[in-house]
Structures are given as structure tokens and as C-alpha cells.
Amino acid sequence: MHAPPAGSPDTSRPSPACPSLLVAVIAGWSLLGCGRGEPASFPTAAELSDERRRPDGVALDPASTPPPPTNQADAEDSVVTLRTPLGISAALDVVDEFFRRVVAEDSEALSELLTRDALAIHTGSGGSGQPPSAGLWWEQRFRRLEYGKLAGEPVYRESELQIFRAEDVLATPQHPAIQPETLDDQDVVIRVPIATARVATDRLLGDEIVVWLRRDGPRFRIYRLLEDFQLQ
């Protein structure tokens with residue numbers, strides 16, 4: 001290579017940096033240095049407010065009231081509340097307690113087992129006449145007869161009971177007094193053959209009693225008592 005002629009600029013050396021650019025870089029460094037020089041400041045526990053912090057409000061949808069419980073529902077019903085069916089043992093307990101209170105001649109306790117519209121139907125009457133209230137009927141019998149004589153006697157045997165659900169009664173009616181249109185879908189009908197209907201010469205019960213039970217909330221109550229028995 002040849003040296004450039006005297007007096008001409010040397011283009012092989014880099015040109016010095018622009019003074020304005022250098023000033024900008026130095027100013028930026030100084031600003032960064034100032035930012036690092038002071039530590040971050042946070043409030044201490046003593047400086048915090050004593051007022052209890054309240055969380056932000058949350059919108060809640062009000063709970064909808066469930067539909068009233070029912071014994072059965074259709075497939076097209078959207079939301080339903082179904083009752084759990086009562087077991088047969090609950091019906092048998094009512095029958096057992098009924099005869100216990102009959103033997104004790106406790107009309108008040110017996111009325112607790114009856115529905116408000118419970119009736120005593122005389123099966124030998126042929127359906128004639130208005131059947132009496134079951135509670136009043138047994139009060140009359142307690143006044144006329146001594147049911148305490150049945151104490152210690154086998155009034156009925158559980159192995160001989162015949163138990164029918166509502167659908168069974170509809171398929172094979174048990175008595176003309178049990179009309180299909182009056183049956184509830186959770187009714188239970190129990191035919192009770194009486195083992196001890198007489199004590200000595202006193203007839204206290206019919207040869208059988210048909211106990212028609214109807215659900216009342218979490219339990220069964222006696223809705224109808226069907227018996228071939230008349231007071232003499």
C-alpha cells in the first residue's frame with residue numbers, strides 16, 4: 001500500500017465517536033448509578049393501620065327452595081324431592097303396638113297410632129251404614145269389654161300375617177271396602193288372623209283384622225281397621 005499524499009485526510013483510521021452520543025451514554029450510567037444507590041422502602045408493622053382489613057365482596061346466588069317432597073315423580077319432571085319409602089318393618093311395628101295398647105285398654109295411646117280420619121269398618125255389614133271413627137269405636141269397646149284378659153295370650157302370630165303393598169292390593173283386592181281410587185302409592189295392608197279371639201265366654205276380637213296403614217311423614221299410621229265384630 002502507498003502512504004496518502006501529504007495534506008490529504010487519512011481514511012484508514014476510524015473517526016472519533018460523536019461527542020453528543022458520548023454525553024448521552026454517560027448520563028444514562030449516572031442515572032442507573034443513582035437508582036441503585038437507595039434501597040427500596042417498605043412500611044413496618046408499626047406503620048400499618050390497625051383497622052381490620054375487609055375482604056372484597058363476593059356475589060352469591062341465593063339458594064333456591066327445594067320442591068316439596070313427594071312419593072313419586074314423572075320422568076319429565078325437572079327437579080323433584082322424593083321421599084325414601086318406609087320399610088315393612090315400620091308397618092309391622094305399628095300393628096304390634098296397636099294390639100299392645102288394645103290389651104292395655106289405653107284409648108288415648110291408641111289414638112296416637114291412628115290418622116285423623118281413621119275409620120273402623122264392620123266387614124259383616126255389607127257396606128251399609130256410616131262406619132264409626134276408629135278411636136271412638138275402641139273407646140266403646142273398652143267400656144263394654146275387658147281386654148286386659150288378653151294379657152299373656154297370643155293375640156296373633158307374626159308368621160301368619162299377610163302383607164300387601166298398594167300395587168298388590170290393586171292387583172288382588174283384599175276387601176270391597178278397599179277401593180283402588182282411595183289407595184295411596186305407599187299404603188300397606190296387613191291381614192292379621194287372630195289367634196285368641198275369645199277368653200272364656202267373652203268374644204273380644206273378630207277372627208281377623210285387616211289393618212290398612214298410610215304413611216304420615218316418617219312413620220305409618222292406621223287409616224282403616226276392617227273387622228267382623230259387633231258389640232252385643
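Is Glu 112 buried, partly exposed or exposed? Select Glu 112 and take a look: with a relative accessible area of 45%, Glu 112 is partly exposed. Keep in mind that this is a predicted model.

Glu 112 and Arg 101 form a salt bridge, and their closest N and O atoms are 3.6 Å apart. Glu 112 sits in the loop between helix 3 (107-111) and strand 3 (114-122), while Arg 101 belongs to helix 2, so this pair ties together parts that are 11 residues apart in sequence. Arg 101 counts as buried, at 16% relative accessibility.

Next, stay in helix 2 (residues 88-103) and pick Arg 100 and Asp 96, which are 4 residues apart, or about one helical turn. These two also form a salt bridge, with the closest N and O atoms 2.9 Å apart. Arg 100 is exposed at 52% relative accessibility, whereas Asp 96 is partly exposed at 28%.

Now jump to Lys 149 and Asp 202. Their side chains meet in a salt bridge of 2.5 Å, N to O. Lys 149 is in the loop between helix 4 (134-144) and strand 4 (162-165), and Asp 202 is in strand 7 (residues 202-203), so the pair ties together parts 53 residues apart in sequence. Both count as partly exposed: Lys 149 at 32% relative accessibility and Asp 202 at 27%.

For the last stop, select Glu 97, Arg 101 and Glu 112 together: salt bridges with shared partners join them into one network.

Terms used. Residues are numbered from 1 along each chain as its sequence is written. This is a predicted model: local features need pLDDT of at least 70, side-chain atom pairs count only at pLDDT 80 or more; totals for chains, interfaces and linings use all residues. Side-chain values use heavy atoms; hydrogens and water are left out. A salt bridge is a side-chain nitrogen of Lys or Arg within 4 Å of a carboxyl oxygen of Asp or Glu. Helices (H or I, at least four residues) and strands (E, at least two) are DSSP runs, numbered from the N terminus. Buried means under 20% relative accessible area, exposed over 50%, partly exposed in between (1.4 Å probe, protein chains only).
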